[in-house]
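Colleague: I have not seen this one before. Can you take me through it?
Modeller: Here it is.

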Amino acid sequence: MREDMAVQAIAYISQLVEDVPAQRVDQIAAEAESSNLLFGITSILLFDGKSFLQYLEGPEREVKKAYAKILKSTSHNEIVELKRGRVGVRRFPDWALRFLRVGEQELHHAATGDWTGLARRRAADTGATTAIDRLAKLATAEGPAEAVVAGVLYFGAQDRPSEAESAP
Ligand SMILES: Cc1cc2nc3c(=O)[nH]c(=O)nc-3n(C[C@H](O)[C@H](O)[C@H](O)COP(=O)(O)O)c2cc1C
């Protein structure tokens with residue numbers, strides 16, 4: 001599917017509120033997935049048992065609305081925005097919400113990646129990966145990360161980043 005407008009993206013980290021039970025996190029992810037599907041948002045949500053890292057992308061109005069809902073959620077706090085900006089094409093077009101349970105180190109690695117550019121991969125001369133590349137690697141890895149909410153095939157292959165082609 002072609003995007004009619006610019007794709008807006010936002011990434012943030014936050015902390016699960018202590019007395020929120022683990023099952024509630026699965027519910028939140030399921031609710032978020034349904035809503036994102038309805039509003040044309042695609043997203044990656046990492047959770048290490050304590051912290052979240054989420055990257056959302058889609059039409060500006062819808063992403064802003066979803067983010068307002070996220071900011072209002074009582075299930076997490078200490079929300080820190082990592083990056084907000086426009087991207088030319090979606091980085092994760094296949095998933096309304098890809099929920100990945102990861103280790104603390106993996107979440108930390110993604111959070112401390114280079115968030116200065118959302119759209120482009122790091123130039124080959126430095127060899128360094130961007131934070132988005134780190135997310136893409138986690139999202140498509142068959143290793144330690146476990147997909148709890150199955151990815152929804154949402155958009156066509158046209159704008160799909162190449163890593164996504166090996167996704168289950
Ligand atoms: C970590 C986290 C991620 C969320 N992601 C999304 C999302 O991608 N899209 C969306 O529409 N809502 C999202 N939400 C909102 C939830 O789906 C739900 O509406 C909200 O958590 C309910 O409010 P409560 O947490 O105060 O019960 C998110 C909430 C949290 C805590």
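Colleague: Which helix gives the most to the shell around the ligand?
Modeller: Helix 1 does, with 5 residues. This is a predicted model, where local features need pLDDT of at least 70, side-chain atom pairs count only at pLDDT 80 or more, and totals for chains, interfaces and linings use all residues. Residues are numbered from 1 along each chain as its sequence is written.

Colleague: How many residues surround the ligand?
Modeller: 19, and the closest are Ala32, Ser35, Ser73, Thr74 and Ser75. A residue is near the molecule if its C-beta atom, placed from the backbone, lies within 6 Å of it.

Colleague: Which elements supply at least two residues of that shell?
Modeller: Helix 1 (22-39), strand 2 (42-47), strand 3 (51-59) and helix 2 (60-72). Helices (H or I, at least four residues) and strands (E, at least two) are DSSP runs, numbered from the N terminus.

Colleague: Switching to strand 2: why is it largely enclosed by the rest of the structure?
Modeller: Because 6 of its 6 residues are buried (20 or more other C-beta atoms within 10 Å of a residue's own, C-beta atoms being placed from the backbone). Thr42, Ile44 and Leu46 cover one side, and Ser43, Leu45 and Phe47 the other.

Colleague: In which sense does strand 2 pair with strand 3?
Modeller: Antiparallel, over 6 bridges; pairing requires that DSSP finds at least two bridges between two strands. Ser43 stands opposite Leu56 in strand 3. The hairpin has 3 residues between the strands, and Gly49 takes a positive phi near 100° there.

Colleague: And with strand 5, parallel or antiparallel?
Modeller: Strand 2 pairs with strand 5 (residues 98-101) in the parallel sense over 4 bridges. Ile44 stands opposite Arg98 in strand 5.

Notes. Buried ≥ 20, exposed ≤ 12 C-beta atoms within 10 Å, placed from the backbone.
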